[in-house]
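Welcome! Please take a moment to look over the sequence and the 3D structure before reading on.

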Amino acid sequence: MLNRFMQSRLQGLVVLTLILIILPAFLSNPFHYELATQIAILAATVVGLNLLVGFAGQISLGHAGFFGLGAYFSGIATGTYGWPSVPALVAGAIIVGIIAWIVGRPILRLKGHYLSMATLAVGFIIAIILNNERAITGGPDGMPVPAFEVFGWELSPFGTYSLFGLEISGVQAWYMFSSVILLLAVWFALNLIQSPIGRALRSVKGSEVAASVVGVDTAKYKSLVFVISAIYASLMGGLYAHFQGFITPAIASFEFSILFITMVVLGGMGSTFGVILGAVVLKLLPQVLADFQDLEHVMFGLILMLTMIFMPKGLLPTLTAAVSKRIRKKTGGEA
Amino acid sequence: MLKTMIRRAGKCAVIAAAGLMMMSAQAAEPIKIGSFLSVTGPASFLGDPELKTLEMYVEKINEEGGVLGRQLELIHYDDVGNASSARNFASRLIRSDRVDIIVGGSTTGATMAAVPLIEQAQVPFISLAGAVVITTPVKKWVFKTPQSDRMAAERILTDMKDRGITRIGLISGTGGFGSSGRTQTLEVAEQMGMEILADVTYSGSDTDMTAQLTNIRNTKGVEAVLNFGFGQGPAIVTRNYAQLGMELPFYQSHGVASDSFLELAGSSAEGLRLPASPLLVPDSLPDDDPQKEVVQNYKAEYESRWDSKVSTFGAYAYDGLMLAVRAIEEAGSTDPEAVRNALENIKGYVGVTGEFNMSPEDHNGLDADSFRILEVQNGEWKLIN
Amino acid sequence: MLAEFLQYLFTGVTIGATYALIALGFTLIYNASHVINFAQGEFLMIGGMATVSLTAMGVPMVIAIVLAITLAGVLGIALQRFAIAPAKQADVVTLIIITIGASIFIRGIAQLVWGKEYHVMQNFSSDEPIRVFGAVLNSQSLWVLGIGAVVVVALVLFFTKTLIGKAILATSMNKEAARLVGIRTQMVLMLAFMVSALLGSVAGIVVAPITFTSYDIGIILGLKGFVAAAIGGLGSGVGAVVGGLALGIVEAMAAGYISSDYKDAVAFSMILLVLFFMPRGLFGAKVVERV
């Protein structure tokens, strides 16, 4: 399964690119573009988280903390101190990477639920700081974030731009931008998985003891992937802040961390394209269920439970397994 | 995938809309009033009565023939107290549902997250949240119905000063309401030459505030205690205050101005004061008070329809909806620019919260006098001034 | 000085005892099935809310409490039978997500049935607080501590003296071996969930007079219970009790002496510190990893 997935690495990217190109034909108003853009940014975040959860087998219940830190770093650096967006993003990612490395070393010695507990604590501490430091972060009521800009050229969801002579709206421009980011995020993740680092990580997931016996420095690789996934979260948090134009500490909250991990598990742990599907489903579901009013939460809980009970491997792996089984049956029948 | 899901959602909306149309049997297209409220989640204290109020008065207005001969259609979403979903739902209201006006935004965070979008899309928006930043500085398309937390702080501190109190212990919630109220209190106190000697906080989910209150009790020189917060937190603070046997004058904010607070706090609430709209004491208003009738009616109608107590927050939604209706009537159409201009020029609208006098410089239109100081006596609210 | 310290201690011990009861529920389920049950807080909510709504309907308090605890127990069994058991092949994290789904579902139902308001429950005995060396103790705190102690003793007896208790212990140690000696492990797992739900609902009922109760009270208290269980060492009964009390006391002391803004951050830093020096919590068993 995993091998076949590796071989189809390029195929997967091509399919994703095609979907992203065709999708606008089905988006009928700016609100749909906004949703699609948010989904792309969140999907890129969980592609990073999946490296940690799906491939290294380490569960993080505090990832929104890194996402929130990145968002607030971008917001404060560009809004309060007038930095340009890209240096702010990069500086934020470096700082978050260092923080992740510092807390990661001791935390990642922990196993199973203790690791989850420690990441949860780190996430909570970050959220509490963002909430309390009113003078810097604006406190619980949040803070505005300026539009994303590169070399004086501003990318605002409210602007209009021309591309090859075609006039496009700000949200369409953001959609294209975030699509490219998502493709880059996926491309990087797929390459990492196939590299020697990726192989070492998978051995950690299989059995950490066995991996260390054959000479894999498990601690080093775990820290490395923890830092990489935190950097993913930080960069995407920064972009999300620029796109939304306003952030509150809720984006660093425990609920948001749970949402991220649910996207990974629901979509399919260890499947890069699966977790993207997870992000799509979990972002759209509340919009669809909003029409059910009082029943919204009941239905959301029920759907989450049933999906996980009947598809414990996640949506995409289960679906692909079902499809390939059917194909095999068909070809078997003809033979 | 996206398409089918959105289409399915659209279908539901269409069915709901069709149902409304059939009921009204009116040819004219309905006027769409959009709303995003924190109906569930930590701010459901605000969103729940707000939604109930909007639903019942939209119904009532429709029974009475609607506005400009057209029926009203309420489209509302639950933002669960999350600013990010508030912004998304605001976008959905504007771009997918194409509403004519938005009355909503239970919390300051939710409101402020939606403001940039609303300003850009140029849709009239009446916020139901309190913080002073919403309408100061004035934003072209944004109005609000609650008094600001700054006014509340001014009203409370003035009342303290009248009683000769100048040194205060402050306890506040770490949520948006308490945190913004705390900031305003600190500023107003400085202006009025009053001292905040103790400044402690509790988070919305805390279940015991004895430690924080002990801290205040042990601070020398404190002459009165003020609690800024909403939800169940202030009720726990009130009970802990009584248990600790603290006897300094005790003030709460308008965040707990409802009868359900009295139920929660019980006899511990005895003697505390807070600023509130006259909603809690409709019968003790003098007969010549212009607000008396409005307030009495709202209270009676709400309580008979929902079998639960009125709260100040529902009243914000009442005033928001009535201001919207009045502006649309005066504009004679739902043209956004015309409705906005009409809103900005509303004078002398007597609502449940107070008398609104909007102007291009003031998109709230209330003054601090619209707050009355109430005191709990024998388990009931008493009007002090 | 002493009065101040005592006051913080009373506050901390009371809330800590609640955390301990919830942590015991986590521990029980974790021992029997290695599942971290994020719906644990909902049992607490069911206990409080059902009692309040039944008494409001005119049912006498004692009967209301018995009915509420029974309801929670039935819910515990249902959770195991219909949500956990069918997914036995699932990953640990998948099971966590299932319990999160279950908690959202239960909370949604509770909100539909009971509404969103907060409710008051009367103190079990006098409303008059007790004064000790200048500090004040809510009489309900004594109920929380007393019932907490009774529950802990009952649990110890249950696991050491009764056949069912021993069966649960045996299953938690080695499921296959337990099955071989004739223990119906599925039944045992359901029992573990039921007992855990009973514990949660008892905690929810005894603290309701202090904290009020509402449909969403379980979210944060459940989480704190998990934290307490992890500090103590997952799977350790003593650890759950010590972890719960420690967490409660640290929170109260931090609020009083350090900063009320950062009291939760202090508590979470304490967890990191404990885990840093004791990677399996205070009383966690040293488990040899099988390769």
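This is a predicted model: local features need pLDDT of at least 70, side-chain atom pairs count only at pLDDT 80 or more; totals for chains, interfaces and linings use all residues.

Residues are numbered from 1 along each chain as its sequence is written, and chains are lettered from A and ligands numbered from 1 in the order in which they are written.

Let's begin with chain A. Its secondary structure comes to 15 helices and six strands; helices (H or I, at least four residues) and strands (E, at least two) are DSSP runs, numbered from the N terminus. The radius of gyration, taken over C-alpha atoms, is 20 Å for chain A, close to the 20 Å given by the globule rule for 335 residues, so chain A is as compact as a globular protein of that length. That rule is 2.2 Å times the number of residues to the power 0.38. Along its principal axes, the C-alpha trace of chain A spans about 65 × 50 × 45 Å.

Next, the place where chain C meets chain A. Here 38 residues of chain C are in contact with 30 residues of chain A, where contact means that the C-beta atoms of two residues, placed from the backbone, lie within 7 Å. On the side of chain C that touches chain A, α4(C) gives the most, with 14 residues.

| Helix pair | Angle | Axis distance |
|---|---|---|
| α7(B), residues 210-217, and α10(C), residues 237-258 | about 25 degrees | 8 Å apart |
| α10(C) and α11(C), residues 263-277 | roughly 135 degrees | within 8 Å |

How do α7(B) and α10(C) lie to each other, and which residues meet? The two helices are roughly parallel, as angles under 35 degrees count as roughly parallel, over 145 as roughly antiparallel, 65 to 115 as roughly perpendicular and the rest as oblique. In α7(B), B:A211, B:Q212, B:T214 and B:N215 meet C:A252, C:A255 and C:G256 of α10(C).

By contrast in topic, α10(C) and α11(C) belong to one chain, and they are oblique to each other. Their contact is made by residues including C:L247, C:V250 and C:A255 of α10(C), and C:V266 and C:M270 of α11(C).

Conventions. Axes are lines fitted to C-alpha atoms, for helices over the stretch in contact, and angles run from 0 to 180 degrees between N-to-C directions.
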